[in-house]
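Please look at the sequence and the 3D structure shown here before reading on.

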Amino acid sequence: MAYDVQAVRSQFPALVEGLAHFDGPGGTQVPAAVADAVAHVLRSAVSNRHGDFASSARADAIVEGARDAVGDLLAVDPRGVVLGPSMTANTYVLAGALAKTWAPGDEVVVSRLDHDANVRPWVQAAAAAGATVRWADIDEKTCELPIEQYADLLTDRTRLVAVTAASNAVGTRPDVRAIADAAHARGALLHVDGVHATPHGAVDVPALGADFYSCSAYKWYGPHVGITVADPALLETLRPDKLVPSSDDVPDRFERGTSSFEQLAGVAAAVDWIAALGTGATRRERVVDAMSMIEAHELDVFTRLYDGLSARDDVTLLGCPSRRTPTVGFTVDRRTPQQVAKALGDKGICVWAGNYYAVELMRRVGLEDSGGAVRAGVVCYSTTDEVDRLLGAL
Ligand SMILES: Cc1ncc(COP(=O)(O)O)c(C=O)c1O
């Protein structure tokens with residue numbers, strides 16, 4: 001099945017408004033099928049979970065449906081799928097639970113490539129537990145995360161390594177598998193931030209070697225739901241702070257308060273929507289097929305964007321990672337990133353300017369005090385025409 005970007009675009013009601021969305025790394029638009037699934041729940045009899053009546057059974061089915069869908073998206077056991085309000089909130093819950101197993105003198109390793117949501121929860125949990133934080137650094141020119149440094153960073157006291165599967169600022173995809181192997185060789189656990197990576201290619205969490213993998217459905221055409229997955233047997237060993245009467249089951253024990261059932265229906269619909277772009281006997285196979293088509297399309301569009309930006313004397317690209325998502329950070333001579341984003345925004349072109357919470361990276365490359373950089377990202381509905389629009393407006 002060939003990838004037809006216009007057919008894809010026609011399924012996104014929001015695109016009719018005519019904005020050129022290069023803000024995908026900050027959140028994507030949603031297809032009608034996702035909006036309909038959310039609205040359907042809000043228009044149906046749906047009650048709280050675990051009751052002996054039909055509308056409660058519907059809520060239970062929605063939660064299970066979302067876990068199953070995420071299982072197919074990430075190649076994981078649905079019984080280890082934690083569904084929360086955001087990746088940030090989930091990571092705080094997980095960090096709090098893991099920190100209870102740490103002692104003074106234990107160590108955690110975070111990276112300067114990461115979004116702060118995969119840094120600060122660990123730094124703060126380490127401080128509370130008396131653990132030491134060690135930093136994996138980036139090469140400030142390439143924005144790569146050299147993996148050789150992990151040989152020095154990891155010790156027998158390392159309990160947790162946190163690293164991103166892809167930088168939301170510059171797209172760098174570090175060698176997560178190698179970091180996983182190095183961490184495991186020291187007996188440490190690995191938390192991978194998959195928020196930026198998940199929309200840009202098929203994810204196989206066990207193959208990646210992640211003990212915990214987090215992502216956010218609003219980055220892949222779904223609603224604002226944060227997802228953290230792990231082997232349910234690993235989750236069984238952890239005791240997050242929770243209310244006394246709330247479920248002690250796994251994964252429910254990691255989910256605080258009553259879930260947003262309508263949003264969870266949207267999560268399953270988003271996975272189904274992605275899967276419907278591909279072919280295969282199972283939903284997982286269709287997801288993998290669809291993701292490879294999305295990846296090829298995005299590369300096509302991104303190459304035009306990257307080449308167009310590279311050709312300009314007044315544009316400086318941030319880093320040049322060898323493996324990357326279709327996301328680029330750049331600065332423009334004599335203009336602040338905020339001026340550029342505002343001027344493009346006035347022309348209906350959506351880009352972000354600043355640090356996008358990749359604050360350690362911006363500090364490291366020396367841009368934090370001058371407004372960071374402009375960021376443009378390509379997603380499944382981006383087109384080369386939109387790229388030309390951006391380049392022309394620039
Ligand atoms: C790479 C990355 N990690 C984490 C987050 C935080 O996700 P959430 O908004 O679900 O807390 C974001 C959000 O932009 C992100 O891009």
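## Around the ligand

The ligand is surrounded by Ser 86, Met 87, Thr 88, His 115, Ala 117, Asn 168, Asp 193, Val 195, His 196, Ser 216, Tyr 218 and Lys 219, where a residue is counted as near a molecule if one of its heavy atoms lies within 4 Å of it. This is a predicted model, in which local features need pLDDT of at least 70 and side-chain atom pairs count only at pLDDT 80 or more, while totals for chains, interfaces and linings use all residues. Residues are numbered from 1 along each chain as its sequence is written, and side-chain values use heavy atoms, with hydrogens and water left out.

An N or O atom in the side chain of Ser 216 is 2.4 Å from an oxygen atom of the ligand, and for the side chain of Lys 219 the distance to an oxygen atom of the ligand is 2.6 Å. Met 87 uses its backbone, with an N or O atom that lies 2.9 Å from an oxygen atom of the ligand.

## Asp 114, a buried acidic residue

Asp 114 is found in the loop between strand E3 (107–111) and helix H5 (120–129); helices (H or I, at least four residues) and strands (E, at least two) are DSSP runs, numbered from the N terminus. With a relative accessible area of 1%, Asp 114 is buried, a word that means under 20% relative accessible area, whereas exposed means over 50% and partly exposed lies in between (1.4 Å probe, protein chains only).

What does the side chain of Asp 114 reach at 3.0 Å? It reaches the backbone nitrogen of Thr 164, and a further polar contact, of 2.6 Å, joins the side chains of Asp 114 and Ser 111. Leaving aside neighbours within four places in sequence, the residues in contact with Asp 114 (heavy atoms within 4.5 Å) include Val 119, Ala 162, Asp 193 and Tyr 357.

Glu 255 belongs to the loop between helix H9 (232–236) and helix H10 (261–275), and at 11% relative accessibility Glu 255 counts as buried. Its side chain reaches the backbone nitrogen of Leu 83 at 2.7 Å, and beyond four places in sequence Glu 255 is in contact with Arg 49, Arg 67, Val 81, Val 82 and Leu 83.

Pro 251 also lies in the loop between H9 and H10, and the peptide bond that joins Val 250 and Pro 251 is cis, with omega about 10 degrees.

## Two positive phi angles

Most residues other than glycine have a negative phi, and most peptide bonds are trans. Ala 75, in the loop between helix H3 (54–74) and strand E2 (81–84), has a positive phi near 65 degrees, and Ala 75 is partly exposed at 26%. Arg 334, in the loop between strand E10 (327–332) and helix H12 (337–346), has a positive phi of about 65 degrees although it is not a glycine, and Arg 334 counts as exposed at 70% relative accessibility.

Leu 361 sits in helix H13 (residues 359–364) and counts as buried at 0% relative accessibility.

Gly 222 lies in the loop between strand E7 (212–216) and strand E8 (226–230) and counts as buried at 2% relative accessibility. Beyond four places in sequence, Gly 222 touches Val 30, Val 34, Ala 217 and Ala 270.

Note on methods:
Polar contact = N/O pair within 3.5 Å; in protein donor to acceptor, adjacent residues only side chain to side chain.
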